[in-house]
Each structure stands twice: as C-alpha cells, then as structure tokens.
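Hi,

Here is the structure I promised to pass on to you. Could you open it and follow along while you read my notes below?

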Amino acid sequence: MRRPGQARTGGRRAAKDESATVLYDVPGPRARRRNLLWTVLFLAALAAVVWWVIAGLAAKNQLEAAKWEPFFTDGRIWQTYLLPALKNTVVAAALAMVLALPLGALLGIARLSDHRTVRAGAGTVVEFFRAIPVLILMLFANAAYAEFTDISPETRPLYAVVTGLVLYNASVLAEVVRAGILALPAGQTDAAKAIGMRKGQTMAYVLLPQSVTAMLPALVSQLVVIVKDTALGGAMLGFAELLASVRPMSANYGANTIACFTVVAVLFVLLNIALTTFASWLERRLRRGKRSTGAVVTAEAVDDLAAPGPAEPPAPPGPGTREP
Amino acid sequence: MFDFLEGYDLLGAFWVTVQLTFWSALGSLVWGTLLAAMRVGPVPLMRGFGTAYVTVVRNIPLTVIIVFTSLGLFQTLGISMGADRFTTINFRLAVLGLTAYTSAFVCEALRSGINTVPLGQVEAARAIGLSFPQILRIIVLPQAFRSVVGPLTNVLIALTKNTTVAAAIGVAEAALLMREMIENEAQLILVSAIFAFGFICLTLPTGLLLGRLARKVAVKR
C-alpha cells in the first residue's frame, strides 16, 4: 500500500514534480506564491544564522587563511596527525567488528536454542550489555587491563576501546543474527528437516549461510555505529584516533580549533556515508537477487535492535519521501 | 563491603544523568518534529535543509559534537549559553550537543511513522480543503506519534546511554564519577557493577513501560 510520505510513482503528478507527495497538492499559482514566500523567509533565517556564525568566527580570528591553509597545502599535517589517527579509527572499528561477529553469532544462535537454560543465559547476556552505555564498558575494560594484565600503557587504550565495542556490539549483532535467521522463510527449516538434517546441520548448512547474506546491510550499517563509538576512546581513554588528534593539531597550527573540528567531522561523515551507501547498495542487490530468498535485515532495523527490552515488531520499510 | 561509597555522591551523579536525558529528550522531540515537518513539506529548500541536517549529524560521532560544544563553541567562540558557572555552562552545552544529535534520529523515526498513515486519510483531508500544516497537525502527526512510540522509546534509551558522553566535557554525571571512583578505589569489579546496575535501572524499566504504552496506543490497522 502506498503511504502519504512516499512519492507517487507513475502518473502525471510524478512526471511534473518528482518530489510531490500526497501530503500536499501539486502547487497552483497561490500555493507557489506561498511556497516562494516560505522559501524567502527560510532563506533569510538561514542567512541570518550563517552571518551570525561567520561574524562570530571572524571576531575570534578563526577564519584566517593561515588557520585553514595547512589542510590543503601542508602534507605534514596529514602525515603526522590525520592519517595515523584515521588509521587507528579504522583499525579499532574493523577489529571490533571482526571479533564481535562470531561472538554475536554464537549469542544469537543460543537465543534461538531449544533448551530454555541456554536461551535464558544468552538472553540475559544480550540484554545486560545492550542496557549499559558502551563508555562504561570501555572504562571498565581499561581499568581491568591495567590491574590484571601487563599490556603496555601505550596499547592499552586500543585494547580497552575494542573490548568495550566488542562486548556491546556482540549483543547488538546477536539480535541482528537472530533477526536474520527469523527472516528466512519457514520452508527452509521444513525442507532441511524433511531431508533428515539434524538441528545443528540445519543451522550450519541451511539457516546461517543464508542469514549472513540477509543481514549484510545491517552489519555494514552497524559498522557506522562502531566507527562513531571509537571517538569515545579518544575523548575519555587517550586513544589516538581522529577526535584525539584535534588538540595536538590545533596546538601546532595556531589554535585553529574550528578548522580542525571541521576537517575531522568531514572525514567522519565521508567515511560513514561511504559505509551507508555500500549498505543500501547491498540491500538493493539482495532484494533483487534471484538466488536468494529475498529475506533481508535492513540498515534501519539496527537502530531498533540496539535498545534493550522486548523485541518490537519489525519497523515499517524505510522512510520514503525522497530517499536517493 | 560498601564502605568505599562514602564521600561519593552516587545518587547525585545519576540524578544529573536523568536531568541530561530529560532536557535533551524534550529538546530533541521539538527540534526533531520540526525537522520531520520540514522533510515532508512542500518547500524544496526546507526539505533540502532537513535532509542535509539529518545526513550530516547522523554520521558525526556524538563525542565529536559534545567535545566541539566545549572546545569550539565555549572555549574558542565564547558561547556560554547564558550561564556563568562552569558546571552550568558544561551542562547546558552537553544538552545542546545531545539535542542536536538526537533530533536527527527523532526526525527519522517520525518520518517512518508518517509513512504508516494510510493514503486515503490524507487524500480525504485534502479533498475537504485542509492545508498542509493542518493535515500534518490534525491528521498525520497524531497518528504518526502513536505508531512511533516504540521507535522513539529506543531513541530515548539510546539517549540515556549517550548522556555518558557528557563526561568528556566534565559534566558530573555517572560515567565521570565512575572514572573517578575507579582511579581512587580498589574494588574495580564492584564499582563497575554498581554503575552497570544503575544504568540497567534507568534503561530497562523505560523500555518495558514505554513498550507496553507503545502496544496500547498503536493505531490498529
């Protein structure tokens, strides 16, 4: 069924104005004048804000060319600060994903077990780690490594960040795996039973391989969450990732705090948009795929799986107004 | 066993966490609703602004936003949010950062709620001559809100957990106190367990209560 927020496909309306939704009519002369008025008003408000920001920045000498130039002309700022920091961010995120995935799969499968004790045990673990902030886990891991192991203080932040991320994300991924397995058509299990497969075989040869494809988009978009959470380690544990590079950078390049933050934010946005685009490309491909069952755990579903509590019914398919 | 708790204001720290959550939730509900209205509205410029805002903000780590409010907004640009004491300034900056970040998620949740309102209702509303703001206010948003209580609950729980990031700019909430206690006290496991328990007390009941509410108010279709 078509929803109000979604663009009409086909028909004259869509041909005229691609962005038209059913929430409002195709603008006539009066509506067009009114829209123009709103555009002008909004533009004025935006301009006022932008002017206020620029005036504020200029008053604090943050717009001087010397504060922005190094990012474009000086290779050293990239070699010394940004690229190693970016590498640390990516390494921590990748490690966390690689370690959390098998753990999450194990927990997710355990939650689907036929034995009540296994189910309850895995459920408790998953609910516990989803209910507490990842920063608490990182702080705990950091102190625990300091107290109980002899990992050197230089590498300890990386260990702590990755441990915190793994504990939290394994429990989120457990829910993703569970959703991926549950999303498969029931006929798959029936067919496996019919040819005499045991429970373990059904899981290992039939359900898991197919659910991995189904949940790929969700996995990639969870990677965005992981990338963002690495910044916690930079702010609280002294992990040398992108956010942590702001202070030394602005100290060495003439207190260009605003410029540094802008560059770091842009790097994060570019990295994450690349991941999101990849996730939605995967999603489209999976939906079209002829050989797959068509089951898919969408990128949006991850947001809802990340919170503790009883699993909500799957969210309605992605919001549609003008999604590219 | 719990002697070491003396001298620490545990409840006070969690109270700050609750306050951070409350004010940020309020702020992001308002700003998120406005963003959602812009994103589905008839003015192309506003739609573009809403889309750009959500795309950019969702992809920046919250930690970067929060640290920016302190290092960038306050220390560099001198924006103090009308407060003169450091604790108040940092608290308000944290609320500002959390609101700016969370509204993007509120906006997306609401937009998916708007998509659940049946087409015929909006067409009927247009047929009797309601304008876009009227359709949104009278027909679409009331139903959209009812169907997104569940997703919004998840946003609220994520927000509760995200308030710990305010520790990065020195707001005296639970995570900051935990770091202090870990440094000063020997009982690492016990201290961590107390804070974990505190957050479970905040997040699990929220999920259960609002989850029940979500099922109760959801529009049956």
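Let's start at Asp114(A), which is exposed with a relative accessible area of 55% (exposed means over 50%, buried means under 20% and partly exposed is in between, using a 1.4 Å probe and protein chains only). Before you go further: this is a predicted model, where local features need pLDDT of at least 70 and side-chain atom pairs count only at pLDDT 80 or more, while totals for chains, interfaces and linings use all residues. Residues are numbered from 1 along each chain as its sequence is written, chains are lettered from A and ligands numbered from 1 in the order in which they are written, and side-chain values use heavy atoms, with hydrogens and water left out.

Back to Asp114(A): its side chain forms a salt bridge with that of Lys199(A), at 3.3 Å from N to O (a salt bridge is a side-chain nitrogen of Lys or Arg within 4 Å of a carboxyl oxygen of Asp or Glu). This pair ties together distant parts of the chain, since Lys199(A) sits in helix α10 (residues 199-236) and Asp114(A) in the loop between α5 and α6, 85 residues apart. Helices (H or I, at least four residues) and strands (E, at least two) are DSSP runs, numbered from the N terminus. Lys199(A) is exposed as well, also at 55%.

Glu127(A) and Arg111(A) join their side chains in a salt bridge of 3.8 Å, N to O. Here too distant parts of the chain are linked: Glu127(A) belongs to helix α6 (residues 116-131) and Arg111(A) to helix α5 (residues 75-111), 16 residues apart. Are these two residues buried or exposed? Both Glu127(A) and Arg111(A) are buried. They are also part of a salt-bridge network with Arg130(A), Glu175(A) and Arg178(A).

Another pair is Lys67(A) and Glu64(A), whose side chains meet at 3.3 Å, N to O, in a salt bridge. Lys67(A) counts as buried because its relative accessibility is 11%, whereas Glu64(A), at 38%, is partly exposed. Over all chains the count is 10 salt bridges.

**Chain A as a whole**

What is the secondary structure of chain A? Chain A has 13 helices and 0 strands. Of its 324 residues, 45% are buried. Chain A exposes about 16700 Å², and 64% of that is supplied by carbon and sulfur atoms (accessible areas come from the Shrake-Rupley method with a 1.4 Å probe, and for residues only the protein chains shown count as cover). Among contacts in chain A with a separation of 6 or more, 69% are between residues 24 or more positions apart (contact means heavy atoms within 4.5 Å).

Look at helix α2 (residues 29-59) of chain A, where you'll find Trp51(A). Trp51(A) is exposed because its relative accessible area is 62%. Together with Val49(A), Trp52(A) and Val53(A), Trp51(A) makes a nonpolar surface patch of about 480 Å². Patches are made of residues with over 30% relative accessible area and no salt bridge; like charges are joined within 9 Å, and nonpolar side chains (Val, Leu, Ile, Met, Phe, Trp, Tyr) within 5 Å.

Then check Asn61(A), in the loop between α2 and α3 (65-68). Asn61(A) has a positive phi of about 60° although it is not a glycine, and at 41% relative accessibility Asn61(A) is partly exposed.

**Where the two chains meet**

Chain B and chain A bury about 6100 Å² between them, with 70% of it on carbon and sulfur atoms (buried area is the accessible area, 1.4 Å probe, that two parts lose on being put together, summed over both). Asn59(B), Asn115(B) and Arg126(B) supply 11% of what chain B buries against chain A, more than any other three residues. The contact involves 67 residues from chain B and 71 residues from chain A. How many salt bridges cross the interface of chain B and chain A? The rule finds 0 salt bridges there. On the side of chain B that touches chain A, helix α9 (residues 188-217) of chain B gives the most, with 11 residues.

Ala144(A) is buried, at 14%, and, leaving aside neighbours within four places in sequence, touches Thr149(A) and Leu188(B).

Cheers
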